[in-house]
Amino acid sequence: MLTTMRCGGHGLILTVSLVAGGALAAPKMVAISGQAPVELPAAPPPSMTVVIDPGHGGDDRGAVGPSGIEEKQVTLAVAQRVRALATDRGVRVLLTREDDRQVPLMQRAAFANGAGAAVFISLHANAGPSPLSSGAEVASFGGVPPSAIVSSPADDRTLLVPLTAGGSRRVVAVPWELAQVRHAEVAAVFARQVGDRLERVAPLGPRAVYRSLLRPLTAVSLPAVLVELGYVSNPEEEKLAAGDQHQMALAQALVDAMLAFDPSPRQVPRQPPRPASRSKSR
Amino acid sequence: MTLWRIAAVAAGVVALAAFGWAALLIFQATGGPAITVTGEPVPAATPTAHINVTIFFGASSGRGLVASRIEVPLEPNVAAQGEAILQAALGDPPAGVLRVVPIGTRLRGFYVDSRGDAFVDLTSEVRAAHPGGSFGEALTVAALVNAVTTNLRAVRRVQLLVEGEEVETLAGHLDVSQPVVPDSSLVVTEGGRALLR
């Protein structure tokens, strides 16, 4: 399990490696009225944990379509469908919000970092100035990094944290703004896989699969992608986004992508070897 | 005889007054000093030089930004020129292209530091009135950043501020908490050619 906390003012994530919990595989006890509790067969342990982040919520409605469909409604509805479908396939799905409430972006990231999840998927519905914009899009962190975003192991700081039982534990402190940088390549692979699956149920938009400096992903310390399910500013896609059938198709595509995802480094294409550096001095 | 002399003098005065008025009108029309209602002269308005700058608006196809050439006053320094460029970017778009900066957004300030980072301080409407969507948000940011960096060679990055303060995002997606570099990937051509006016 990963434990994550934010140090106020310092912008650090403390990542502590602990033993994976077994509580999820514990058998369920149910009591039917007037009878002794019955032990149900234990469900198979979940193969993986995924955090789904329904974008916006509460006062933050996100984009609003011409007929009034709100982004925050679409993202929550699809997130709940993903959870229902994925749970049936043995995947443990956690949502960053269960209802219509506003959750700060950093709080969503902190939740994901403490969940021991394999991937983080932030769901959104898009909008643009033209009603003609259309299509789903998938983004991962990167794109045009400013010079400030340069991550290396040297950015990490090792701290000794005292334990309540005595002694201390060595933990790695990752700068808050750099948490996603080290997962960006794996996330880019996952983004392509999500794009491939989504394309089977919805056309892809102007940017299709791309990389950008997206705030919902910045502080997430696991492979993370942001999925735009379609344009609610497009009247046809707004209607689709509010419909059960399309929401189920989108949710199924996301579940298929997460089940096919292997976060091991071998999926990440290697950079071609650099030629030996030559001295520029003349 | 006396009556004739009085009439001749009166006619002369009227003629002189008419000549003087006509001369005054001609003088004003040719750029002479303006006369105020109180009769006090004010400094002459010097003709203002203008330059064409590149401003970015939304493509009607919905696929990105298109570049438009717009005339703005030539200003004596980078800060004032930046303000003029941004006023054009915040203004009404030309026919055939779309607004990507929320209506009502005004410029509070513009300055450039010694590292080549420009700071664009906008009023709260840029967030409060933003229609949302990561694409729409990306267009807003790129339109402002690209307008500054394309026309002011001294500027490499742009930090957006809202009401004088740094913000995480404008609409919940794109990270603008740090200076942003220009993004030409969002600039598209329409009909096979760049829309340059």
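Reader: How many salt bridges are counted between chain B and chain A?

Author: The count is 2. The model is predicted, so local features need pLDDT of at least 70, side-chain atom pairs count only at pLDDT 80 or more, and totals for chains, interfaces and linings use all residues. Side-chain values use heavy atoms, without hydrogens and water.

Reader: What makes D175(B) and R215(A) a salt bridge?

Author: The term requires a side-chain nitrogen of Lys or Arg within 4 Å of a carboxyl oxygen of Asp or Glu. In this pair the closest N and O atoms are 3.0 Å apart. Therefore the pair qualifies as a salt bridge.

Reader: Which helix gives chain B the largest share of its side touching chain A?

Author: Helix 4 (residues 134-151) of chain B, with 5 residues. Helices here are DSSP runs (H or I, at least four residues), numbered from the N terminus. S134(B) is found in helix 4.

Reader: Why is S134(B) called buried?

Author: Buried means under 20% relative accessible area (1.4 Å probe, protein chains only). S134(B) has 3%, so the label holds.

Reader: How many residues are in contact across the two chains?

Author: 29 residues of chain B are in contact with 32 residues of chain A.

Notes. Residues are numbered from 1 along each chain as its sequence is written. Chains are lettered from A and ligands numbered from 1 in the order in which they are written. Contact means heavy atoms within 4.5 Å. Helices (H or I, at least four residues) and strands (E, at least two) are DSSP runs, numbered from the N terminus. Buried means under 20% relative accessible area, exposed over 50%, partly exposed in between (1.4 Å probe, protein chains only).
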